[in-house]
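Subject: Structure handover

Hello,

Here is the structure I promised to pass on. Please open it and keep it beside this email as you read.

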Amino acid sequence: ACTEDTEYTAGVWYRRSDFDGVARMDAAGFTIGNKGYLCGGYRGSKKERLKDLWEYHIDNDWWTQCEDMPDEAIARNAATGFAVGTKGYIVGGYDKDANDYLDDCWEYDPATGNWKQMDPFGGGARMYALGFGIGNYGYVGTGYNDNYLKDFYQFDPSAASGSQWTIINGFGGQKRQGGMVFVIDDIAYICGGENNNADVYDFWCFDPSQSTPWKQLRDIKDSSDDDYDDDYTSIVRCYGCAFVIDGKGYIALGQISSSSLRSNYWIYDPATDLWDGEDLTDFEGSSRVKAVCFSTGKRGIVATGGTGTSSSSFYDDTWELKPYEYEEK
């Protein structure tokens, strides 16, 4: 029975239907409507890269295997996924067999189950880039190709072949790989990642409707700013998950550059430019990095991932955060 002294944490993590494919980390993902898509990644037991595609029906809680990437597409991990309208895109990544980075871009149409090769990414080959869609365009930037990167490009899927990518100047942030991005009201928020074995702590937003689309927000670390709550020492991370629920951004899981895994999550409110991490329920599965997350704007889902070490464990479970429920400490 509850008592007046009972203490609670906000948010309950519910385990959903396990991913039907092989356990993996480093897959790419995107969300279209009420369905999430997971593609490729790195399989632990055979040390192989993958090119399969799976659909997760978020409302009905089941997985369905879709058409694999075509024969011409290379199996990969560390690719970038995003959606524009009713189609999803997989860009770049890492090809283990050739020990090289990739720059190709593939379009998947769920209505037909067909894949189509688009123009190569305008910024060149890389892995662990950020990708997101706003309106009729996709955006891809940052990442790693033996150098840390910070360039961004706009992708127009309706443009003629040879002109689908356009550079977007003005991002003044740190170079990074393994960052996180979430989109609220057609504004993208970019944070986290690692650069030269150090955690990246700057925080930016991108509003393509503005003549100057990039804006730096306050850093996600301890601050002397009196408007900040307590301390922000556990927001920074790389290879974590980001999703949106009811106009607020959530970041969860991942690791800090020292390889310590994060199990907590934080909530960002763009109306106040403040983060809340107080008395929130830690992730209730195994802590992990390089998972895939699906975001409908109302629900946030995390699937697969691993521990990210040389003797890594690989996961095939699926979890959902219900942020308005409470769990007893």
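Below is what was found, going from the open spaces to the packed parts. Bear in mind that this is a predicted model.

Start with the largest pocket. Its volume is about 1100 Å³. The lining takes in 45 residues, and those closest to the centre are Gly29, Gly81, Gly131, Val181 and Cys293. Six strands each supply at least two lining residues: β2 (28-32), β6 (80-84), β10 (130-134), β14 (180-184), β20 (241-245) and β24 (292-295). By class, the lining has 26 nonpolar, 15 polar and four charged residues.

**The cavity**

Rolling a probe the size of a water molecule over the atoms shows where empty space is left. How many cavities of 30 Å³ or more are there? The count is one. About 40 Å³ of space lies in the largest cavity. Residues lining this cavity include Thr80, Val91, Leu102, Asp103, Phe121, Arg126 and Val140. Two elements give two or more residues to the lining, β7 (87-95) and β8 (100-109). The largest share is from β7, with three residues. The cavity lining divides into six nonpolar, four polar and two charged residues.

**The cores**

Now look at the packing. The largest nonpolar core has 19 residues. Which of them touch the most other members? They are Phe182, Tyr189, Phe203, Ile251 and Trp275. Elements giving two or more residues to this core are β14, β15 (187-191), β18 (203-206), β20 and β22 (265-269). There is also a second, separate core of 16 residues, with Phe243, Ile245, Tyr250 and Leu321 among them.

**Strand β18**

Next, follow β18. Both of its faces are covered. Phe203 and Cys205 lie on one side, Trp204 and Phe206 on the other, and all four are buried. β18 pairs with β15 in the antiparallel sense, over four bridges. Four bridges also join β18 to β19 (residues 214-217), again antiparallel. Find Phe206 and look to either strand. Ala188 stands opposite Phe206, and Phe206 stands opposite Trp214 in β19.

**Strand β24**

In a regular strand the side chains alternate between the two faces of the sheet. Check this along β24. Val292 and Phe294 point to one face and are buried.

β24 is joined by four bridges to β25 (residues 300-303), and the two run antiparallel. Phe294 stands opposite Ile301 in β25. The two strands form a hairpin with four residues between them. In the turn, Gly297 has a positive phi of about 95°.

**A loop residue**

Last, find Ser234 in the loop between β19 and β20. Is Ser234 buried or exposed? Its relative accessibility is 17%, so Ser234 counts as buried, the cut-off being under 20%. Setting aside its neighbours within four places in sequence, Ser234 is in contact with Arg262, Asn264 and Trp266. Ser234 and Tyr265 are 31 residues apart in sequence, and their C-alpha atoms are 8.8 Å apart in space.

Best wishes

Technical notes: Residues are numbered from 1 along each chain as its sequence is written. This is a predicted model: local features need pLDDT of at least 70, side-chain atom pairs count only at pLDDT 80 or more; totals for chains, interfaces and linings use all residues. Side-chain values use heavy atoms; hydrogens and water are left out. On a 1 Å grid over the protein atoms alone, a cavity is a set of points where a 1.4 Å probe fits but cannot get out, and a pocket is an open set with protein on both sides within 12 Å along at least five of seven lines; lining residues have an atom within 4 Å of a point. Grid points are joined across faces, edges and corners, and a volume is the space filled by probe spheres set on the points. Ala, Val, Leu, Ile, Met, Phe, Trp, Tyr, Cys and Pro count as nonpolar, Asp, Glu, Lys and Arg as charged, and the others, Gly among them, as polar. A nonpolar core is a set of buried Ala, Val, Leu, Ile, Met, Phe, Trp, Tyr and Cys residues joined through side-chain atoms within 4.5 Å. Buried means under 20% relative accessible area, exposed over 50%, partly exposed in between (1.4 Å probe, protein chains only). Two strands pair if DSSP finds at least two bridges between them. Contact means heavy atoms within 4.5 Å.
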